[in-house]
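Please look over the sequence and model shown here.

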Amino acid sequence: SGPTTLAMASFDSSLCGFTARECVPQPDSAVTLDPMREVVMGAVRYRRFDSHESLVGNFAVDTDASNHAGIRWFELRRSGGPWTLHQEGTYSPDDLHRWIGSAAMDRDGSLALAFNIADGSSTYPSIRVTGREAADTPGVMTASELELQAGTSAQTFGHSPEQWGTSNSLSVDPVDDCTFWMTAAFAEDGGWNTRIASFRFPSCA
């Protein structure tokens with residue numbers, strides 16, 4: 001049955017406007033990148049806990065009405081009844097652009113958010129991650145941002161160089177249920193390459 005309507009706080013989905021597809025700047029290049037604003041990014045991750053079920057996801061939004069890309073993330077929950085919005089937030093702590101996020105949750109309910117990051121002056125398309133532990137204030141990414149891979153050039157190769165990698169992936173290792181494994185794109189030697197990285201919250205025993 002459905003669809004089910006979930007009330008969310010307002011956000012600006014007109015990133016890059018409605019007639020352009022790309023607007024994320026890069027150093028040393030006039031090519032701007034596509035933030036893939038139209039869709040929920042990556043797989044929406046599902047977890048079943050003793051007391052509830054959770055779904056976590058994210059998508060790109062305009063954070064200041066001037067085509068500044070940030071990550072809108074959310075967690076839905078269900079405890080025997082219908083799905084409800086448990087928490088949501090927009091992650092955009094500074095002037096850098098963040099887009100193509102991927103979210104996942106470990107066995108403790110701590111949530112990680114990985115994404116691409118760039119600006120037009122000094123930060124080539126790179127990969128970073130933030131997160132929050134289960135007991136933290138809802139709606140806030142509390143972990144310090146960690147750089148997983150620094151980009152070293154602008155993305156300029158290909159027939160349509162503005163079409164940055166279409167998705168990143170973040171999954172939890174089924175062996176320990178604590179370690180996050182991530183694959184994402186970063187810029188190197190004029191094109192994009194793929195980084196595979198792992199990390200975990202220190203609190204996950």
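1. The link of cysteine 16 and cysteine 23 is left-handed, with -75° about the S-S bond. Its sulfur atoms are 2.2 Å apart, and a disulfide here is a pair of cysteine sulfur atoms within 2.5 Å. Cysteine 16 is buried at a relative accessible area of 7%, and cysteine 23 is buried at 16%. Buried stands for under 20% relative accessible area, exposed for over 50% and partly exposed for in between, using a 1.4 Å probe and protein chains only.

2. On the source: this is a predicted model, in which local features need pLDDT of at least 70 and side-chain atom pairs count only at pLDDT 80 or more, while totals for chains, interfaces and linings use all residues. Residues are numbered from 1 along each chain as its sequence is written, and side-chain values use heavy atoms, with hydrogens and water left out.

3. The whole structure holds 2 disulfides. The other one joins cysteine 178 to cysteine 204, with an S to S distance of 1.9 Å. Cysteine 178 lies in the loop between strand S9 (169-172) and strand S10 (180-188), and cysteine 204 in the segment after strand S11 (191-199), so the pair ties together parts 26 residues apart in sequence. Strands are DSSP runs (E, at least two residues), numbered from the N terminus. The torsion about this S-S bond is about -70°, so the disulfide is left-handed. Cysteine 178 and cysteine 204 are both buried.

4. How many bridges join strand S2 (residues 53-62) to S3? There are 10, and the two strands run antiparallel. Strands pair if DSSP finds at least two bridges between them. Aspartate 62 stands opposite alanine 69 in S3. The hairpin of S2 and S3 has 6 residues between the strands, and alanine 65 there takes a positive phi near 65°.

5. S3 is also joined to strand S4 (residues 84-91), by 7 bridges in an antiparallel arrangement. Leucine 76 has leucine 85 in S4 as its bridge partner. This hairpin has 5 residues between its strands, with glycine 80 in the turn at a positive phi of about 85°. Of the 10 residues of S3 (residues 69-78), 8 are buried, so the strand is largely enclosed by the rest of the structure.

Notes: Helices (H or I, at least four residues) and strands (E, at least two) are DSSP runs, numbered from the N terminus.
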